[in-house]
Amino acid sequence: MCSRMIDIQTKMTERALELLCLPEGQPSYLLDIGCGTGLSGDYISEEGHYWVGIDISSAMLDAALDRDTEGDLLLGDMGQGIPFRPGSFDGCISISAVQWLCNANKKSDVPARRLYCFFSSLYSALVRGARAVLQLYPENSEQLELITTQATRAGFTGGVVVDFPNSAKAKKFYLCLFSGPSTSLPKGLTESQDADQATEFAFTSERAPHKKARRDLVKKSREWVLEKKERRRRQGKEVRPDTQYTGRKRKPRF
């Protein structure tokens, strides 16, 4: 995947986590619907959270395993429901996946039924009061209405947050759902807000160079191992102390 697509995916994941409004200073247990190769999961891990990813493509999940993602992965069709115990997750994100439930790939597929099965099982899998933020690309207003109607039927409140509504390329839809009492819906970003954020990001954020540096690290190298160990420490996991032998190449065994 090209670096531009990775950057876009990462930015949408960052925005989805922002809309989740997770408690600061403590790790959360999140569900990533349509996790693909685990790009969104990488950002979730960097933020110090734990996650489980579900995807219908075994090839995508194999690629995620090859990339050594830190989340747990599950092969499954979200249109057949989310197979987790009630109250398992503190939040849920999804990047560019939910709109596919509107397609009928075989005669037995009924989009409204599959959407309701997905949303009702997702509602059950979330802790009461948790949020789900689902970034999607609806083909038209009728498709968006179908999705929001089934989410409401399943018990969710909330609505659609639209970032950059006047931009043809940057426009993004985020279905922001609440599994508890309805609260005020976050406001979408505008072009002027984006400019302000870009200026602030350039001078105050230290995440961009960190993420770029991480992509440049050679897998299994000493720097790669040290960065991964430090990320696990931020998540509260027990990690062995760093020594002069950390990341060393081992001699072949006979």
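## Disulfide criterion and cysteines

A disulfide is defined here as a pair of cysteine sulfur atoms within 2.5 Å. By this rule the predicted model contains zero disulfides. Cys 102 is buried, at 13% relative accessibility, while Cys 117 is partly exposed, with a relative accessible area of 27%. Buried denotes under 20% relative accessible area, exposed over 50%, and partly exposed the range in between (1.4 Å probe, protein chains only).

## Basis of the model and confidence

This is a predicted model, in which local features need pLDDT of at least 70 and side-chain atom pairs count only at pLDDT 80 or more, whereas totals for chains, interfaces and linings use all residues. Residues are numbered from 1 along each chain as its sequence is written, and side-chain values use heavy atoms, with hydrogens and water left out.

The mean pLDDT (the predictor's confidence in each residue, from 0 to 100) is 86, and 87% of the residues reach 70 or more. Among the elements, β1 has the highest mean pLDDT (98), and helix α6 (residues 191–204) has the lowest (43). Over residues 195–212 the pLDDT is below 50, and this stretch has 13 contacts in the model beyond near neighbours in sequence. Contact means heavy atoms within 4.5 Å.

## Overall architecture

The protein has eight helices and seven strands. These are DSSP runs numbered from the N terminus, with helices being H or I of at least four residues and strands being E of at least two. Of the 254 residues, 41% are buried. Among contacts between residues at least 6 apart in sequence, 63% join residues at least 24 apart. The accessible surface, from the Shrake-Rupley method with a 1.4 Å probe, comes to about 14700 Å², and carbon and sulfur atoms account for 53% of it.

## Nonpolar cores

A nonpolar core is a set of buried Ala, Val, Leu, Ile, Met, Phe, Trp, Tyr and Cys residues joined through side-chain atoms within 4.5 Å. The largest has 30 residues, and those with the most contacts inside it are Leu 31, Phe 118, Phe 119, Leu 122 and Leu 134. At least two residues of this core come from each of β1, β2 (50–55), β4 (89–95), α4 (111–125), β5 (126–136), α5 (141–153) and β7 (172–178). Apart from this core lies another of 19 residues, including Met 12, Ala 16, Leu 19 and Val 161.

Leaving aside neighbours within four places in sequence, Phe 119 is in contact with Val 98, Leu 134, Ile 147, Gln 150, Ala 151, Ala 154, Phe 156, Leu 175 and Leu 177.

## Strand β7 and its pairing

Seven of the seven residues of β7 are buried, so this strand is largely enclosed by the rest of the structure. In a regular strand the side chains alternate between the two faces of the sheet. Both faces of β7 are covered, with Lys 172, Tyr 174, Cys 176 and Phe 178 buried on one side and Phe 173, Leu 175 and Leu 177 buried on the other.

Strands pair if DSSP finds at least two bridges between them. Strand β5 runs antiparallel to β7 and is joined to it by six bridges, and Val 133 has Cys 176 as its bridge partner in β7. Seven bridges join strand β6 (residues 157–163) to β7, also antiparallel, and Val 160 stands opposite Leu 175.

## Two loop residues

Ser 179, in the loop between β7 and α6, is buried, with a relative accessible area of 1%. Not counting residues up to four places away in sequence, Ser 179 touches Tyr 123, Leu 126, Val 127, Arg 128, Gly 129, Ala 130 and Phe 156.

Gln 26 is found in the loop between α1 (3–20) and β1 (29–33) and is partly exposed, with a relative accessible area of 45%. The C-alpha atoms of Gln 26 and Gly 48, 22 residues apart along the chain, are separated by 8.0 Å.
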